[in-house]
Every structure is written in structure tokens, then in C-alpha cells.
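Subject: Structure for your files

Dear colleague,

Here is the structure I said I would pass on. My notes on it follow below.

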Amino acid sequence: MKTALLLIDIQKDYFPGGRMELVNPLEAARKAYELLQCFREHHQAHVHVQHVATKPDATFFIRGTDGTDIHDSVAHFEGEPLVIKHYPNAFRETNLLDLLKGWGIERLIITGMMTHMCVDATARAAADLGFRVIVAADACATRDLKYGDTVIPADHVHKAFLAALKSYGQVMTTDEVIAHLAAEQVKTK
């Protein structure tokens, strides 16, 4: 099965010192990097997705700031596909779908930030578009959310959204994803 890796919004604004620091972004980025290296080493399709805000009142991912840059932990190399988006869903008004169809991709491994927003929107859209979806749970990060007077800790937000995404595909750890892909390679040889 032709598979591609998506690295969604692993950008500087989400890291310490950024305009929208998440909880444990470095740990998630390390796991995303493990998958990225696996895909690079096996010459498999992978796409960096970069969010650039277009709203005049945006507080992060502001065009022209270094906060929009892909974080060094998963550095984008020259020649690797880069999809720039302006909405949570990475398919909305981008060339992502055409790119993936052109490669004959059937399944997506999704990593990135934020679990409750862009990862969620993209994973659901991918499933709706007919892709098989695997979300690498430990290669995603989010932040605390507030509802009324209640603060929902990032860990709870993360797990709640991953639990919901199991209705759209599989949710695995990075190690499980790598083992799953390796087992498939053995079967096809």
C-alpha cells in the first residue's frame, strides 16, 4: 500500500519562546523526526505542511516572522514537498490532494501540531477523501484549552481527540507505526 507521511505545522511558534507554545512539543517533534528519517531512508513520500496565517488579527504563524518556519527538529530539506496552508484542514485550498493522488498514495501517517485542531481536521478530511489514516499519537502535541471557567489539561485534550480519531483510522505510537510498516515490507518481499 502506497503510504505518505504528513508533518503538520511543526513550526517554531509552537516551541519554547514561540507565540503559541504547546505542551511537550520537543518530545512530539523527536517522534515525528523518527518517522521522517524512516521515510527518508526508504525513499518514501513525505510532505511538510506549513501554516501561514492570513487573518489580520492572527497572534501566531504571522507571515514574515520566523515563527512560521519549520522547526529545526524536523528540518525541511530542499526538494522535499512543502504545502502551505491557511486553514486547519491541510487539504483546504492547497495542492495536497493533487500531490498525493499524483503519487498514488492510499494511506497517510499523520504527525504534527495541534492534535485538537490541524491534526484532527486533516485526519478527518483524509478519511473522508478515501485515504486510510494512521495518527502517530506520540508524534503530535497540543495545549491546554479553556471552556468557561474550566481548564482542560493538554494531556486530556490530546487523548480525547485521539480517542475520537480512532473512528477515522488507526492511532498508534511511533514505534508501533514503524513496526507495522516494517512488517508490511517483509510480507511484500
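Phe-91 has a relative accessibility of 10%, so this residue counts as buried, the cut-off being under 20%. Bear in mind throughout that the model is predicted. Phe-131, at 8% relative accessibility, is also buried. The two rings are stacked, because their centres lie 6.1 Å apart and their planes are at 20 degrees. Phe-91 is in the loop between E3 and helix H2 (96-103), and Phe-131 is in the loop between H3 and E5, so the pair ties together parts 40 residues apart in sequence.

In total the structure holds four aromatic pairs. Another of them joins Tyr-14 and Phe-61 edge-to-face, with 4.8 Å from centre to centre and 70 degrees between the planes. This pair, too, links distant parts of the chain: Tyr-14 belongs to the loop between strand E1 (3-8) and H1, Phe-61 to the loop between strand E2 (45-51) and strand E3 (82-85), and they are 47 residues apart. Tyr-14 is buried at 1% relative accessibility, and Phe-61 is buried at 2%. Together with Phe-60, these two residues make up one aromatic cluster.

Arg-40 sits over the ring of Phe-77, 3.7 Å from its centre, and Arg-92 over the ring of Tyr-87, 3.5 Å from its centre.

Helix H1 (25-41), strand E5 (132-141) and helix H4 (154-165) each contribute at least two residues to its lining, with the largest share, four residues, coming from E5. Among the lining residues are Glu-27, Asp-138, Cys-140, Asp-155 and His-158. Six residues of this lining are nonpolar, three polar and three charged.

Last, helix H3 (residues 115-128). Its 14 residues span 18 Å from first to last C-alpha, close to the 20 Å expected. Its buried residues include His-116, Cys-118, Val-119, Asp-120 and Thr-122. After H3 comes Gly-130, with a positive phi near 100 degrees.

Regards

Terms used
Residues are numbered from 1 along each chain as its sequence is written. This is a predicted model: local features need pLDDT of at least 70, side-chain atom pairs count only at pLDDT 80 or more; totals for chains, interfaces and linings use all residues. Side-chain values use heavy atoms; hydrogens and water are left out. On a 1 Å grid over the protein atoms alone, a cavity is a set of points where a 1.4 Å probe fits but cannot get out, and a pocket is an open set with protein on both sides within 12 Å along at least five of seven lines; lining residues have an atom within 4 Å of a point. Ala, Val, Leu, Ile, Met, Phe, Trp, Tyr, Cys and Pro count as nonpolar, Asp, Glu, Lys and Arg as charged, and the others, Gly among them, as polar. The expected span of a helix is 1.5 Å times one less than its number of residues. Buried means under 20% relative accessible area, exposed over 50%, partly exposed in between (1.4 Å probe, protein chains only). Rings of Phe, Tyr and Trp (its six-membered ring) pair if their centres lie within 6.5 Å; planes under 30 degrees apart count as stacked, over 60 as edge-to-face and the rest as tilted. A charge sits over a ring if NZ of Lys or CZ of Arg is within 6 Å of the ring centre and within 35 degrees of the ring normal.
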